[in-house]
Amino acid sequence: MAPPLGNDVHTFRSEHRPTRRSVLGGAAALGALAATGCTRIAEASGKKGGDLLERLRAQGVVRLGIAGEVPFGYIDKDGRLTGEAPELAEVVFKRLGVRKVQPVPTEFGSLIPGLNSQQFDVVAAGMYVNPERCQQVIFADPDYQMLDSFIVRKGNPLGLHSYKDVVAKKAKFATGTGYAEIQYAVEAGYRQSDILVVPDQVAGLNAVEAGRVDVFAGTALTVRAVVRKSAGTEATQPFAPLVKGTPHVDGGAFAFRPTEANLRDAFNVELHKLKKSGELFRILRPFGFTRAEMTDLTAKELCGG
C-alpha cells in the first residue's frame, strides 16, 4: 500500500472479475452514501495545530476517506458503511464529541491527494504508515500491525513463501494499486516494469485463478479473506518482508492533514485508551483481526524517527 507508481508499471483490469459493484453492495448504495460526502471541506484556519476538531463538533459529522477494501473500510451489501477503520472511527469520534461518520469513497491511490485537497477530513482505510507518506500527511499511532501473504494456486506448486522466492523462481508477480508490496518486491530484486498492478485483491485472485500470474501479494488479512471461497487458490503463511535486509512489520493508521495536529493528537488519546482497555481488539476482531495483529508500534517509529 504505497503511493501509486509511475507509468512503467503495467495495469490490469479484468472484464471477468467481480466488480466493485458486487464487492461493495451496489453502485447505487455507494453513490447514495457518497453523494453528500463529496463537498470540499472549508479551508483550515490559521490556528496552531488546526481547529478542525472544533468545527467537526459544531457540524456533528466527520467525513472519512475510504477505499472500498475489505476489511479496512467499505460499503457492505446492505449499503452500510463498515470495516475496521470506520467502526473504530465511529467510536473515537463519538468520544471526541462528533456524533456521525460519513463515507467518501475513492481509489486507494487518491486517498492522500483527496485528504490534502480537503475532500474529506481523515483517511480511514487501514493505510500503512511509511516514511514517504509521512512527508505528505500526519498519522495517528497504528491501530493494527500486519504481515504479508501471497495468493497462489492450490498446493503452491512453485513453492513461493517470500519475495526472494518470487525472484528466484521467476514467477509472474502481481499486487494491488498503490500497495507497499510493490516496493517489497522491487527491494527483493523483482523488476518494477514486470510487476502486474491490479485494482485490488479480488482482481488479484482472478489473475491467479486464470493463470495470468503465479502469485498476488497483499496483506495477510485481505489475502485470507479473499481466498476463502476459492477452490483453486490458497493463502501462504504470513511473513515479514525484508526492508534493507531486516524483517519489517507494517502498521496501519488513520491519516490527517499536516495542519491538523490537534485533531490527530486528540484521536491518539482516545485510541490509546481503547488499546489499554481491550476495547480496540473487540472492535477489530469481527473483521478477522487476531491478538497477534494488535500493536504498540508508533507512527514515529514507522515514519523513521
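Is Asn268 buried or exposed in this structure? Hi everyone, let's start there. Asn268 is buried, with a relative accessible area of 13%. Here buried means under 20% relative accessible area, exposed means over 50%, and partly exposed is in between, using a 1.4 Å probe on protein chains only.

Before we go on, a word on the model. It is predicted, so to speak of local features we need a pLDDT of at least 70, and side-chain atom pairs count only at pLDDT 80 or more, while totals for chains, interfaces and linings use all residues. Residues are numbered from 1 along each chain as its sequence is written, and side-chain values use heavy atoms, with hydrogens and water left out.

Now back to Asn268. You will find it in helix H11, residues 261–277. Contact means heavy atoms within 4.5 Å. Between Asn268 and Phe254 there are 9.7 Å in space, C-alpha to C-alpha, and 14 residues in sequence.

Let's zoom out. The protein chain has 13 helices and 16 strands, and 54% of its 305 residues are buried. Take the contacts in the chain with a separation of 6 or more: 75% of them are between residues 24 or more positions apart.

So what is inside? In soluble globular proteins, nonpolar side chains tend to be buried together. By a nonpolar core I mean a set of buried Ala, Val, Leu, Ile, Met, Phe, Trp, Tyr and Cys residues joined through side-chain atoms within 4.5 Å. The largest one has 57 residues, and the members that touch the most others are Leu64, Phe93, Phe150, Tyr163, Phe173 and Phe254. Apart from it lies another core of 18 residues, including Val104, Leu115, Val137 and Leu297. Have a look at Phe93: beyond its neighbours within four places in sequence, Phe93 is in contact with Leu56, Val62, Val98, Val122, Leu263 and Phe267.

Leaving out residues up to four places away in sequence, Gly252 touches Gly126, Met127, Tyr128, Pro142, Asp143 and Tyr144. Val129 is 123 residues from Gly252 in sequence, yet their C-alpha atoms are 6.0 Å apart in space.

Which residues does the disulfide join? Cys134 and Cys303, with an S to S distance of 1.9 Å. A disulfide is a pair of cysteine sulfur atoms within 2.5 Å, and a search of the whole structure finds one. Cys134 is in helix H6 and Cys303 in helix H13, so the bond ties together parts that are 169 residues apart in sequence. The torsion about the S-S bond is about -70 degrees, so this disulfide is left-handed. Cys134 is partly exposed, at 21% relative accessible area, and Cys303 is also partly exposed, at 27%.

Next, the second largest pocket. On a 1 Å grid over the protein atoms alone, a pocket is an open set of points where a 1.4 Å probe fits, with protein on both sides within 12 Å along at least five of seven lines, and lining residues have an atom within 4 Å of a point. This pocket holds about 330 Å³ of space; grid points are joined across faces, edges and corners, and the volume is the space filled by probe spheres set on the points. It is lined by 16 residues, and those closest to its centre are Asn130, Pro131, Gln183, Tyr184 and Val243. Helix H6 (131–134), helix H8 (181–187) and helix H13 (299–303) each give two or more residues to the lining.

Last, some backbone details. The peptide bond from Val70 to Pro71 is cis, with omega near 5 degrees, and Pro71 is in the loop between strand S2 (61–66) and strand S3 (74–75). Gln118 is not a glycine, but its phi is positive, about 70 degrees. You can find Gln118 in the loop between helix H5 (111–116) and strand S6 (122–128), and it is buried at 9% relative accessibility.

Note on methods:
Helices (H or I, at least four residues) and strands (E, at least two) are DSSP runs, numbered from the N terminus.
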